[in-house]
Each structure stands twice: as C-alpha cells, then as structure tokens.
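Student: I have a structure open and would like to go through it step by step. Could we begin once it is on the screen?

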Amino acid sequence: MDIVVSGIRSTGRLHLGNYFGAVRQFLGMQRTHRCYFFIADYHSLTTHPDPAALKASSRQVLIEYLACGIDPSIATIYRQSDIPEIPELYMLLNMHAYVGELERVVSFKEKVRKQPDNVNAGLLTYPVLMTADIIIHRARWVPVGKDQEQHLEMARNFVQRFNRFYETDFFPEPYPFRQSDGQMIKVPGLDGSGKMGKSEGEAQAIFLSDEPSVIRKKVMRAVTDSGPTTVNTPLAATITHLFQLLELVSAPDVVKHFLDAYAQCNIRYGDLKKQLAEDIIAFLSPIQEQIKALEADDARLKRVLHDGAEKSRQSAGHTLQIVRELMGFNS
Ligand code: AMP
Ligand code: TRP
C-alpha cells in the first residue's frame, strides 16, 4: 500500500483553502493508502508565535482535522513535535542542502519581502524540514495545494541526492497527489487577488469555524467587477474567484443557473453572493457541530495524540535507524 504524508502548519484555524487544497484530499485517501497526517507545529515557529498561541493553534488544527472526518482509527494523526526522529533527519539532510538552492525558493523570497526583519535560518531551511516530514515515513504521495509544488520539487531533489550519495534506493521520490484532472488545487480568496490564506488577510478567507453571520458579512464584501456587458462573453478574470468558490460548495444546477445568468448579462452579483454565503454555511454546519463537540473532549484529543505519536514513531524510528546506518553511524 502506498504511503501518504501531509501536514498543515499550526497557525490557527483552518480555512476553505486548507480544506479543499489538503483536507478533502486526505479524506479521499485515508481508506485506500497508509496515511500519516500531522500538525506542523515546528513549521509555524518561523513566524515566532508565543507559546500559548502555538499551543492553542495546534489543538485547534487537531480538532478541525477530526471534525472534518479524518479518522484516527485508520489514518495516523500526530504532532510533528512529538516525533524527535523528524528534527534528527532534518539535521542530517541539512548537510546535503545548499544555501544557494534554498535562497532561490519562491516562498523564501516572498517571506524575505514580507518579514524582512525576521529572515531566520529556519525559514531558509523550511523545505528541508518539509522533506524530513515526508521521507521519515518514506511517503510516495503528498496531498497538498498548488502553493506547495516547488517544495515538493525540492524534496525530490534532496531524495535523489541522498540516494545517489549513499548509493541506495531507500527513499522513494515524493510527488504531489493530483486530482483526476491532473491539476493541483488553488482556492481563491474573496478579494480575487490570489489564493485564500491566512497571511493574505483574514477578511478574504472563510475559516471552517466562522459563524454564519461572519460568513455572510465576508462574502457580501467580496470583490466583484461591474458585470458582463455583452451576451455570451467568457467569464472575466475579475469574477472567476466567486464562481470557483460556488463550484466547491454549491449544487451543479446552482452553478449553472449563475453561469447562464452571466452569459445572458442579467446576473445580479448580490444574489450570487447570498447564495454562495448560504451554501458555505450549509456546507460547514456539520463540521462546526463536530468542532463544538471536540472542543469539550480533552480526553479524546489527548488519546488521539498519544496513539498517533506512538504509531508515527514506530515508522520514523525504523527509517532513521536505516538512515544512520547508510550514513556511517550505528556501526
Ligand atoms: P498552510 O495553511 O499554508 O500550512 O497550508 C496547509 C495546506 O493547505 C497545504 O497543503 C496548502 O497547499 C493548502 N492550502 C492552503 N491555502 C490554499 C489555497 N488557497 N488553495 C489550495 N490549497 C491551499
Ligand atoms: N509546508 C506546508 C504548508 O505550508 C505544510 C507542511 C509541512 C507539509 N510539512 C509538510 C505539507 C509535509 C505536506 C507534507 O502548507
């Protein structure tokens, strides 16, 4: 059975980008693959959260994983920081990672621009830690959104380099798990400017735990254009974000209704937004019920983390032992 690893940084609550970019893929794979899903709490340190915030965010990500339907009785769910083998492998891999190639990573260059006063070494070696996360279980597939494509390319480079240097085929090359159409997912933000994401501004993201009133407010404020002026023109780039969101949460006939209205030039964006808000609310309602129940169930959360750490460490320990031998330790 192919092995799958994926994680989400613990920087607070999950949004629809995380859900459709990552979590929904986890749900589809947990019954057919050996899956390891983790809370990337070390990764969140690059932005210096305070300890209390870090703790609360990790707990929230765990709650939301479970609320979405990731099932700890079939998939292994754990916290990155509970697995000491991961930072050890990260340290070893760092010796074969070059500063020049790390400096060329797009997400690194973006961070340098966004947080120029906090360009820490962890930020530079972020793709190395991510590689350690993946290959610690010798995973072949990594369900992630489009923004992670380059990180996975780096992971394949590091794997090839390791295998070549130590004359082994121990590590498989990890690939992003793609949808049936071969595409990677990018969920747009409500402002239409790019991807939905926390660092892009809270107002353009819908969080899984947003109250209905908050969802209505955010969606009604979403950016639109002034509408089509000629019949049967293709969808303008300035409005595709709302249609993309509609496609994720609404029934096909609803999407068709608004596409037809657009083609006929009689679309009212206010109606589209109202519908979109209600469909998001309906989509999230069962998840939110689960979130509420889990928030009060500390014993269950503890148990999941305890069992997940144990299962994950078994696999990680095995990998690390072989790596150490390959590299000339443990003789
Ligand atoms: P992050 O919140 O940046 O740790 O992302 C966790 C996972 O969610 C990664 O697999 C990302 O690719 C995915 N993700 C985050 N935002 C989006 C988005 N707007 N569209 C698609 N996937 C996303
Ligand atoms: N870098 C990912 C993100 O920011 C999170 C992540 C860390 C991850 N390690 C991973 C995803 C390993 C998949 C596999 O979204």
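Student: How many residues of helix α7 are buried?
Tutor: This is a predicted model. Helix α7 spans residues 126-135 and is mostly covered. A residue counts as buried under 20% relative accessible area, and among the buried residues of α7 are Y126, M130, D133 and I134. The number of buried residues in α7 is 10 of 10.

Student: Which element gives the largest share of the shell around ligand 2?
Tutor: The residues around ligand 2 include S6, G7, R9, Y126, M130, D133 and I134. Helix α7 covers residues 126-135, and Y126, M130, D133 and I134 fall in that range. With four residues, the largest share comes from α7.

Student: What is the distance from a polar side-chain atom of Y126 to a nitrogen atom of ligand 2?
Tutor: Y126 is one of the residues around ligand 2. A polar contact is a pair of N or O atoms within 3.5 Å. For the polar side-chain atom of Y126 and a nitrogen atom of ligand 2, the distance is 2.8 Å.

Student: How much of the accessible area of ligand 2 does the protein cover?
Tutor: On its own, ligand 2 has 370 Å² of accessible area. Of that area, the protein covers 93%.

Student: How many charged residues does the shell around ligand 1 have?
Tutor: In total, 16 residues surround ligand 1, and R9 and D147 are among the closest. By class, six residues of this shell are nonpolar and six are polar. The number of charged residues is four.

Student: Which element gives the most to the shell around ligand 1?
Tutor: Both β1 (3-9) and α1 (16-29) supply at least two residues of this shell. A backbone N or O atom of G17, a residue numbered within the range of α1, lies 3.3 Å from a nitrogen atom of ligand 1. With four residues, the element that gives the most is α1.

Student: What share of the exposed area of ligand 1 does the protein bury?
Tutor: An oxygen atom of ligand 1 is 2.5 Å from an N or O atom in the side chain of D147. A nitrogen atom of ligand 1 lies 2.7 Å from a backbone N or O atom of V187. Taken alone, ligand 1 exposes 480 Å², and the share that the protein buries is 94%.

Student: Is T230 buried or partly exposed?
Tutor: T230 is found in the loop between α9 (212-220) and α10 (240-249). Buried means under 20% relative accessible area and exposed means over 50%. The value for T230 is 45%, so T230 is partly exposed.

Student: What is the radius of gyration of the protein?
Tutor: The protein has 13 helices and five strands. For 331 residues the globule rule gives 20 Å, and the protein comes close to that, so it is as compact as a globular protein of that length. Its radius of gyration is 21 Å.

Note on methods:
Residues numbered from 1 in each chain as written. Chains lettered and ligands numbered in written order. Predicted model: local features only at pLDDT ≥ 70, side-chain atom pairs only at ≥ 80, totals over all residues. Heavy atoms only, no water. Near = heavy atom within 4 Å. Polar contact = N/O pair within 3.5 Å; in protein donor to acceptor, adjacent residues only side chain to side chain. Areas by Shrake-Rupley, 256 points an atom, 1.4 Å probe, with all protein chains shown as cover. Nonpolar A, V, L, I, M, F, W, Y, C, P; charged D, E, K, R; others polar. Rg over C-alpha atoms; globule rule 2.2 N^0.38 Å. Buried < 20%, exposed > 50% of the residue type's maximum accessible area, 1.4 Å probe, protein only.
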